[in-house]
Amino acid sequence: MRRTAFILGSGLLLFVAFWNSVTWHLQRFWGASGYFWQAQWERLLSTFEGKEWILFIIGATQVPCLLFWAFNGLLLVVDTTGRPNFISRYRIQVGKNEPVDPTKLRQAVRTVLFNQFVITLPMAVFFFPLLKWRGDPCGRELPTFHLFLLELTIFTLIEEVFFYYSHRLLHHPTFYKRIHKKHHEWTAPIGVTSLYAHPIEHVASNMLPVITGPFVMGSHLSSITVWFSLALIITTISHCGYHLPFLPSPEFHDYHHLKFNQCYGVLGVLDHLHGTDTMFKQTKAYERHILLLGFTPLSESIPDSPKKSEPC
Ligand SMILES: [Zn+2]
Ligand SMILES: [Zn+2]
């Protein structure tokens, strides 16, 4: 207990020191470029004067959606052709989706487009007055860099809590059969399947955990656009099926798709607390669950054990 308190205490101290110095440097950079962004934002505001809701829809749905498809478009080239080889050799579940089944893929793309345009878009229209009630999403002043970083941290923590528990609830037999089974049709996921889900799941487990943070904080549209885009890129990475260098590790969620009853969260903190990652921790996937800082695929540097006794 004392040891844990000591580790947590010194960890917190180190984090605060690190946070302060990083944000100090970034704030200096932001201060220099901040005026540029402020001017761009004011130009946008005057263009959409009186029609701020359109600006909100573009920033909260269309920009993140465009980035999602740009990134997924690149990944789909690799999924459908297996090329370039320098990407496909980072595949986590070797032998799966080589190449991806075109019928399954078409069905996934149709569902994702449905979720983005028939579910997310109207929800954003509904969300705009709610956000205006909480704050001023289209206010003239852009948030400071410190506030923006603080918001990102809070958004991430809120997402972890809401996603973990809503996701675990979706694994309850009642909801699993009717709702979440669809997302799990892909035991070896690809990027675009991050949004391949039943409409109820899309609202409860994909959208709510991500939009609650901005609602709680009464955030500015600029923070919302960056956060939604980041959330979509990160969920794409965690489903993409490749453990690529210098990108967050997708091993955790990939393992969830492989085994169903492990690794429910995003960060893994709540899985650790609830013991829903104990099986994962005994696998090679767990050893590979690191930020890859070189070009040797982790499936080569940490190969599967020859004996089949391991749960991996
Ligand atoms: Zn998933
Ligand atoms: Zn699941």
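Biologist: What distance separates the zinc ion (ligand 2) from the zinc ion (ligand 1)?
Modeller: This is a predicted model, in which local features need pLDDT of at least 70, side-chain atom pairs count only at pLDDT 80 or more, and totals for chains, interfaces and linings use all residues. Residues are numbered from 1 along each chain as written, chains are lettered from A and ligands numbered from 1 in the order written, and side-chain values use heavy atoms, without hydrogens and water. The separation of the zinc ion (ligand 2) from the zinc ion (ligand 1) is 5.9 Å.

Biologist: Which residues coordinate the zinc ion (ligand 2)?
Modeller: Donors are N, O and S atoms within 2.8 Å of the metal (3.2 Å for Na, K and Ca); water is not among the atoms, so sites may look incomplete. Along the chain the donors of this ion follow the spacing H-x3-H-x8-H-x3-H-x71-H. Coordinating through NE2 at 2.0 to 2.2 Å, they are His167, His171, His180, His184 and His256.

Biologist: How many residues apart in sequence are the parts that His171 and His256 tie together?
Modeller: Helices (H or I, at least four residues) and strands (E, at least two) are DSSP runs, numbered from the N terminus. His171 lies in the loop between helix 5 and helix 6, and His256 lies in helix 9, so the pair ties together parts whose distance in sequence is 85 residues.

Biologist: Is His256 buried or exposed?
Modeller: Buried means under 20% relative accessible area, exposed over 50%, and partly exposed in between (1.4 Å probe, protein chains only). His171, at 16% relative accessibility, counts as buried. With a relative accessible area of 0%, His256 is buried.

Biologist: Which residues touch the most other members of the largest nonpolar core?
Modeller: A nonpolar core is a set of buried Ala, Val, Leu, Ile, Met, Phe, Trp, Tyr and Cys residues joined through side-chain atoms within 4.5 Å. The largest one has 28 residues, and those touching the most other members are Trp41, Phe56, Leu221 and Phe228.

Biologist: Which element gives the largest share of this core?
Modeller: Among the elements that give two or more residues to the core are helix 1 (2-47), helix 2 (52-81) and helix 4 (102-134). The largest share, six residues, comes from helix 4.
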